[in-house]
Amino acid sequence: MSNNNGVEQVSEAVCDNQEMKPLKTMTLLQNREYLMRKSNYPKFTALTFRGEGLAHWLITPITISEEWDPNNVPKSPINTYSTRALWDTGCTTTCISTKIVKALNLTPIRQGEYASPLYGKETCKFYSVNILLPCGHMVYEHEVNDFRDFEYEDPSRRFEVMIGMDLIQMGDFAITNVGEKTRMSFRIPSIKTIDYNIEYNKIRYANIPRNAPCPCGKMDETGVPLKFKFCCLPEMENY
Ligand SMILES: [Zn+2]
């Protein structure tokens with residue numbers, strides 16, 4: 001069995017597995033937002049999960065808090081809950097366990113239904129929370145639903161949050177397995193497309209003249225083959 005204990009690297013070490021102090025979090029977030037306005041500072045934050053082997057699941061730290069508006073930061077301390085989150089592309093919405101709901105004393109904003117592969121159709125409640133990703137990016141006033149608590153026997157597999165496509169689609173998300181070591185990297189916001197098919201075409205079609213028919217075989221409405229330079233070449237040149 002491969003070891004699935006990943007090591008997370010974050011470009012902004014705002015959050016780790018430890019309990020976070022709310023005030024410190026806000027100060028760091030404001031500081032980061034200030035730095036990101038500087039021209040020589042990256043306009044994104046990133047996190048990387050490095051598996052020690054092939055990973056069967058991608059789990060990183062995460063912090064959930066009651067919702068608050070960045071333009072109107074509350075004076076009283078904000079309750080936060082730091083735990084582990086599973087990155088799940090099969091999940092449409094991000095879910096938090098009922099344990100977190102209780103710990104943060106969250107009030108539901110509505111009721112709904114979701115399809116769970118484990119339990120079938122489940123009724124659930126929706127909550128509005130702030131989500132602090134381990135790269136230091138805060139997602140404000142985001143709607144999540146609760147899911148039934150369960151514990152995997154393997155402690156390395158335990159998580160209390162499922163990060164769904166609603167969060168993943170805010171950035172660029174890549175999984176690679178070079179040398180049988182899984183690496184997941186995520187950045188927010190989304191900046192550049194990853195397309196292995198274009199990488200293949202760049203090698204395969206390196207010697208095709210610009211005015212030759214495109215090797216992909218596409219034709220115009222009259223059945224004339226499209227020229228390489230008007231078809232697949234621009235995408236390859238821009239990649
Ligand atoms: Zn083409």
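Of the 239 residues of the chain, what percentage count as buried? The share is 26%, where a residue is buried if 20 or more other C-beta atoms lie within 10 Å of its own, exposed if 12 or fewer, and partly exposed in between, with C-beta atoms placed from the backbone.

**Before starting**

This is a predicted model, in which local features need pLDDT of at least 70, side-chain atom pairs count only at pLDDT 80 or more, and totals for chains, interfaces and linings use all residues. Residues are numbered from 1 along each chain as its sequence is written.

**The whole chain**

Colour the chain by pLDDT, the predictor's confidence in each residue, from 0 to 100. The average is 84, and 86% of the residues score at least 70. Select residues 1-5, where pLDDT stays under 50 and the model has 12 contacts beyond four places in sequence. Two residues are in contact if their C-beta atoms, placed from the backbone, lie within 7 Å. Residues 8-23 also stay under 50, with 40 contacts beyond four places in sequence.

Next, display the secondary structure: the chain has five helices and 11 strands. Helices (H or I, at least four residues) and strands (E, at least two) are DSSP runs, numbered from the N terminus. Among contacts with a separation of 6 or more, 63% join residues 24 or more positions apart.

**The nonpolar core**

Select Ile64, Ala85, Ile96, Val161 and Met162, the residues with the most contacts inside the largest nonpolar core, which has 36 residues. Strand β7 (residues 120-132) gives the most to this core, with five residues. Such a core is a set of buried Ala, Val, Leu, Ile, Met, Phe, Trp, Tyr and Cys residues joined through C-beta atoms within 7 Å. Centre the view on Ala85: leaving aside residues up to four places away in sequence, Ala85 touches Ile59, Thr60, Ile62, Phe159, Val161, Met162 and Ile163.

**Strand β11 and its partners**

Move to β11 (183-188). Strand β2 (residues 45-50) pairs with β11 in the antiparallel sense over six bridges, and Thr45 stands opposite Ile188. Two strands pair if DSSP finds at least two bridges between them.

β10 (172-176) also pairs with β11 in the antiparallel sense, over five bridges. Here Ile175 has Met184 as its bridge partner. β10 and β11 form a hairpin with six residues between them, and Gly179 in the turn has a positive phi of about 65°. Glu180 is exposed because 9 other C-beta atoms lie within 10 Å.

Glu141 belongs to strand β8 (residues 138-147). Phi of Glu141 is near 45°, a positive value in a residue other than glycine. Glu141 counts as exposed because it has 12 C-beta neighbours inside 10 Å.

**From Pro189 to helix α4**

Return to the end of β11 and select Pro189, in the loop between β11 and α4. The peptide bond from Ile188 to Pro189 is cis, with omega near 5°.

Finish at Ile198, in helix α4 (residues 196-204). Is Ile198 buried or partly exposed? Ile198 counts as partly exposed because it has 15 C-beta neighbours inside 10 Å. Beyond residues up to four places away in sequence, Ile198 touches Glu235, Met236 and Tyr239. Ile198 and Glu237 are 39 residues apart in sequence, with 9.5 Å between their C-alpha atoms.
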